[in-house]
Amino acid sequence: MMATMSDPAHLRAEGELLHYSVFGTRIPEPVLKKYIEAHHYYLRSAVQSELTWMAKAVELGLDLEALEIALRYSDKNHILVRKLKILVHITEAFGAYRRRFVNEHPQRLRAITVLAFHGFRTVSKFLKGKFLLWRLNQFV
Amino acid sequence: MFDVIIVGSGAAGAFCAYSLRGLKTLVLDVGHIPPKESLAGNLYDLENKETLFNKIIGAQFESLNDIEFRKLTPKVKAPLMRYVIQEPKGSPMILSKEFSPTVSYAEGGLANVWGAQVYRFNHDDLKEYPITSEDLNPFYDELTKHVGISGADDDLARFLGDASGMLPALKLSKIGAEILKRYQRNARRFQNNGVYLGHPRLAVLSTDYGDRERCGYDNLEFLQSRNSAIYSPAFTLRAMVEKKEVEYLSGRLVEKFEEQEDGVTVLVKKINDGSMEQFRCKKLILCLGALNTARLVLFSHNDFTTELPVVENPFSLIPLVSLTRIGMPIDKESYSSQLCFVYSGKLCNELVVGMIYGMEGIPRSDMLFDFPFSVSGCLAAAKYILPAMAVMQVYRSSDPQKSNYLKINENGSIVIKFNRSEDHSLEQHLLKVFRRIGYLSFSSLIQQSEPGLSNHYAGPLPMRAKPKQPYETDRSGLLYGSKNVYIGDSATFPRLPAKNLTFTIMANAIRVARNIRSMFQQSL
C-alpha cells in the first residue's frame, strides 16, 4: 500500500524528536512549519512500511541520531537518513542556527577537543543505533 | 527570409550571433530568464540580517533536490539558478538509466552555471579534430578581450599558454593561498610527480571591465544568478538585442527543420499557446547543445534508428583538509575557484586538468553528511573542518566508444546508452602528493561523478576533414549532405580533452559563423 505522505500531527512529533536528537533543544515553530511543508515536495512516495517504521521510532522516543548513524552507511536512502537531511538543510537557512554551522573565530584547541569528543561519541552512537535497530525491527 | 537563423543562445548561439551582427539574423530560443529576486552583499553578512530561506532553500524546497531526486551540481540546484534547467512544456525527454545529463533552455544556456574556466585547446588537445589551434587562436584572442578573463603567467603557462591580454588573477582565499605557498616551496617535488599548480584562467572579472563590476568575493556565486563579474553569453546576447543587431525571439521551441535548394524552413512551436510558426532562412546554425542539436538533426531526418556517439568528460572529487587550519574562522571574502592544476605524467597518456575549490560558498548541509560522524558531530565538523577544506575536481579527457551513444525514439525522446569504467590510480597518486605537504585525505573519500553530471557533452556530429557519412560535419560545421545547415556547438567536437570546453565552443562558433558571413559577403 502506498502513502502519499505522513499526516501533519505525525510530522510535528517527528520534527520535534529529530530536532531534539540533533540540536538538544525544542524545535522553533518556523523551522517546524518548514519541515512539515517540505514533505509536500519530498518523500511523497514513501511506502507504508517506511512510514510505519518512522512512526514507531518516534512513538517509542528512540535516539534518532543513533539510529541514523547506524543506517547511513548500510542504507543511505533510508527514510530516517533522508528526513534528517531535510531538517538539517532547513535549519541552515535560519540565522538562529548560524553559530552551529559557521566558525567565525580562531579556536583550534576547542575544535580539536570537540571533534575528538564527537569521534568517541559517534562510536557509542553507532553501537547504540545498531542495538536500537535490532530492537525496533522486532516491533515493526 | 532571414539570412541566418540560429537556434539556441548558449555559448555557441550567442557567439554565432555576435559574428553575424549586421546580417538579417534571427535567434530562436526558449530563453528562460532568471527570477527577479536577487542577493546582494556577502553571504555571511546576509545570513545575519535576513531570512534567506527562499533564496537558499527555495519556496518549493528546490535545493533539497539531491535528497530524493537525481544529483545536480550545486549551482544548478540553487533556487535562483533553477531557471537554467527549467524544461518547457513539450521539450524532448531524455531516457537513460545510466546517463543523467543537464540540458538548458535558458537565455545564455548552461553557461549561466558554468565554472567559468577558460582554456585554449592546443595542438595536443585538438588531436582528431580537422582544425588546428592556429584556426582558433584569433578567436580566442578576440574572446579574451570581449569576455574579460583573469589569469596569471605561472607554472601552468606551458600547458595553458601565456596570460597576455588577461586581467590580473583573482585574489586567493586563505586556503588557496596556503596551498599555493606550500606548492611553491615544494615545486620540484610536485613537478617530479607530474603535478603543476597555478592560478586558473577564469571568465570572472578581477577588475571592473566595461559596464561589468569586478568580483565581490561575496561567496554568492553558487546562489546568485547573473553575477555581473562572472561572464554569461546572455550578456553578449542582451547587448546585441538592445542595439538591434540581431533579432531574438524567445518562448520558441524548434520542432524540426526542412531543407530546400535555396534555404531552410524552420518549424517552431510557441510555448505559451502551442501554436506553430514557420521561419525561412538561407543558412541555419544549430546551437542547442550537443545532445539537443543531435536530437533535432535526427528528428528532422525522421531517423529513429541511427546511433550517434556521445562523449563526456568524466570527473572525480577529492576533499583535502589542511590540518593547520582546523578550527580557523571561515574566510568571509572569497571566490570558490582557487587554483588550477595540471597533471602531466606517466599515469595518464594525456593531460589531466582540474580545479581546487574553496568551500565557503557551498551550503554546508550539502557536504555535512559525508563526514564520518553522527549528525551532531557532522555539524561540528562542518563548523571546524570546512574552513580548512578544499575540494580538488579532476577532469579527464574522453574519446568516443561504441557503448556510448544516443538515438531518438518515435516520440522524439532522446535515448542514451552509456558505460564508463573507473580507474582511481591518478586520484590516489594526487592524494599521496598532497599528503606530503600537509593535506589529509583518504582514497575512500574520492567521489567519481555520475555519468552526465559534468555538463561537458560532445561527439554526436563529429567534424571531419572529409566527411564520408551522414551526421558528420566538415570543418566549417556544414552537415554532411546539406548545403545550408551548420552545427555551431560542441556536437561537432569529435572528442574532449580534459580542459573545459566552453571557451572553445565560443571560439569555434565564431569561426563557423565568420565563414558563413564571408560567404554572404562574397555573394554580394
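So, the contact between the chains: chain A puts in 40 residues and chain B puts in 36 residues, where contact means C-beta atoms, placed from the backbone, within 7 Å. Quick caveat: this is a predicted model, so local features need pLDDT of at least 70 and side-chain atom pairs count only at pLDDT 80 or more, while totals for chains, interfaces and linings use all residues. Residues are numbered from 1 along each chain as its sequence is written, and chains are lettered from A and ligands numbered from 1 in the order in which they are written.

Back to the contact, and the side of chain A that touches chain B. Elements giving two or more residues there are α2 (29–38), α4 (64–72), α5 (79–92), α6 (98–101) and α7 (108–139) of chain A. The largest share, 10 residues, comes from α7(A).

Now chain A by itself. It has seven helices and zero strands, going by DSSP runs numbered from the N terminus: H or I of at least four residues for helices, E of at least two for strands. The C-alpha atoms of chain A fill a box of roughly 55 × 35 × 20 Å along the principal axes.

Buried residues are 36% of the 140 in chain A, buried meaning 20 or more other C-beta atoms within 10 Å of the residue's own. And of the chain A contacts between residues at least 6 apart in sequence, 79% join residues at least 24 apart.

Definitions and conventions:
Contact = placed C-beta atoms within 7 Å. Buried ≥ 20, exposed ≤ 12 C-beta atoms within 10 Å, placed from the backbone.
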